[in-house]
Amino acid sequence: IDNGLTAVNRALEIDPKSTKALYRKGKLLEQKGDLDKAEVAVKLALQIDPKSQGCKSFLKELTQKIASQKKRQQRMYKKMFNLEDDKGEDSAPPSEKDTTWLEGAIPMVAGAVTVGALAVAAYSAIKSYSG
C-alpha cells in the first residue's frame with residue numbers, strides 16, 4: 001500500500017488535477033484504514049470532475065463506512081465506560097466485513113502500553129528502594 005501511495009503522490013506532483021490518481025489515492029488510503037484522508041482525496045477529485053460516477057459512488061461508500069466506524073467507536077466507548085443499557089441495545093456484533101485489523105489492534109496496543117508502563121514504574125520503584 002505504501003509503495004502505491006508513493007507512486008500516486010508522484011503522479012499528483014506531475015499532474016495535481018489527475019482525478020484518476022486522486023481516486024486511486026483514495027482507494028489506497030481506504031485499504032490502509034485511513035477513511036478520513038481517503039474521503040478528502042475523493043472530494044478533491046469530485047471538485048475537479050463533478051460528473052465522475054466512479055468518484056461519486058466511492059464517496060458514497062466511504063461516507064457509509066465512516067458513519068459505521070463512528071457508530072462502532074461509540075459502542076466501544078459506551079462499553080469502556082459502562083454506559084451501555086442493561087437491555088443491551090446496539091449489542092449486535094459488527095459483521096466481519098465491517099471490521100478492520102485496526103479495531104483489534106487498538107485494545108492490544110493499549111494493553112501493551114499499560115503493562116509496559118507498570119513494568120517501568122515497578123522497576124523504578126525497586127531501583128530507588130534498593131539504591
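Which residues does L62 touch, not counting residues up to four places away in sequence?

**View 1. The contacts of L62 in the predicted model.** Leaving aside residues up to four places away in sequence, L62 touches E30, L35, A38, E39 and V42, where a contact means heavy atoms within 4.5 Å. The model is predicted, and local features need pLDDT of at least 70, side-chain atom pairs count only at pLDDT 80 or more, and totals for chains, interfaces and linings use all residues. Residues are numbered from 1 along each chain as its sequence is written, and side-chain values use heavy atoms, with hydrogens and water left out.

**View 2. The largest nonpolar core.** The largest nonpolar core has 17 residues, of which V8, L12, V42, L46, C55 and L62 touch the most other members. At least two residues of this core come from each of the helices α1 (2–14), α2 (19–32), α3 (35–48) and α4 (53–80). A nonpolar core is a set of buried Ala, Val, Leu, Ile, Met, Phe, Trp, Tyr and Cys residues joined through side-chain atoms within 4.5 Å, and buried means under 20% relative accessible area, with a 1.4 Å probe and protein chains only. Helices are DSSP runs (H or I, at least four residues), numbered from the N terminus.

**View 3. Helix α2 against helix α4.** The axes of α2 and α4, which are lines fitted to C-alpha atoms over the stretch in contact, come within 11 Å and cross at roughly 25°. α2 is therefore roughly parallel to α4, a term for angles under 35 degrees, on a scale that runs from 0 to 180 degrees between N-to-C directions. On the α2 side the contact is made by Y23, G26, K27 and E30, and on the α4 side by G54, C55, F58, E61, L62 and K65.

**View 4. Helix α2 against helix α3.** With their axes 8 Å apart, α2 and α3 pack at an angle of about 165°, and they are therefore roughly antiparallel to each other, the term for angles over 145 degrees. In this contact T19, L22, K25, G26, L29 and E30 of α2 meet L35, K37, A38, A41, V42, L44, A45 and I48 of α3.

**View 5. The charged residue E30 in its surroundings.** E30 has its place in helix α2 and is buried, with a relative accessible area of 13%. Not counting residues up to four places away in sequence, E30 touches L35, A38, F58, E61, L62 and K65.

Conventions. Buried means under 20% relative accessible area, exposed over 50%, partly exposed in between (1.4 Å probe, protein chains only). Angles under 35 degrees count as roughly parallel, over 145 as roughly antiparallel, 65 to 115 as roughly perpendicular and the rest as oblique.
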